[in-house]
Amino acid sequence: MLANLLLVAVGGALGSCARYAISILLAPHVAVGRFPWATFTANTLGCLIAGLLMGLALRQGLVGAQLRVFLFAGFLGGFTTFSAFG
C-alpha cells in the first residue's frame, strides 16, 4: 500500500513535469487565447501511450502491477490529469 502510494507520487511528479515541459515547448508556437494546444497535445499523447502500454500489459504481460500503478495512476495521471479510475 505505501509502496504504491510512493509510486503514484513519483510518477505523478514526473508526469506533471513532462506536461509543463510540453507547454513550455509549445508556447512560442501558439497564439495566446486561442486553442489550448499544450493540453490537447498532452491528452492525446497520454491516451496514445496508455493504449499502447495497456496493449502490452494485456497481450504480452510486459507491464507488471507496480509498473502499471507508476505509469497509469502516477505518470499518465499527472501528465494528462485524468482520473486513475477514468
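1. A quick word on terms before we start: a helix here is a DSSP run of H or I covering at least four residues, with numbering from the N terminus. In that sense, R19 sits in helix α1, which spans residues 2-26. Please keep in mind that this is a predicted model.

2. Is R19 buried or exposed? Its relative accessibility is 18%, and buried means under 20%, so R19 counts as buried. Looking past the neighbours within four places in sequence, you will find R19 in contact with T39, A42 and N43, and also with G78, F79, T80 and T81.

3. Now to the aromatic rings. Searching the whole structure turns up 4 aromatic pairs. One to look at joins F35 and F40: the ring centres are 5.6 Å apart and the planes stand at 65°, which makes this pair edge-to-face because planes over 60 degrees apart count that way. F35 has 42% relative accessibility and therefore counts as partly exposed. F40, at 41%, is also classed as partly exposed.

4. W37 comes out as partly exposed, with a relative accessibility of 40%.

5. Putting the rings together: which residues do the ring pairs link into a cluster? They are F35, W37 and F40.

Note on methods
Residues are numbered from 1 along each chain as its sequence is written. This is a predicted model: local features need pLDDT of at least 70, side-chain atom pairs count only at pLDDT 80 or more; totals for chains, interfaces and linings use all residues. Side-chain values use heavy atoms; hydrogens and water are left out. Rings of Phe, Tyr and Trp (its six-membered ring) pair if their centres lie within 6.5 Å; planes under 30 degrees apart count as stacked, over 60 as edge-to-face and the rest as tilted. Buried means under 20% relative accessible area, exposed over 50%, partly exposed in between (1.4 Å probe, protein chains only). Helices (H or I, at least four residues) and strands (E, at least two) are DSSP runs, numbered from the N terminus. Contact means heavy atoms within 4.5 Å.
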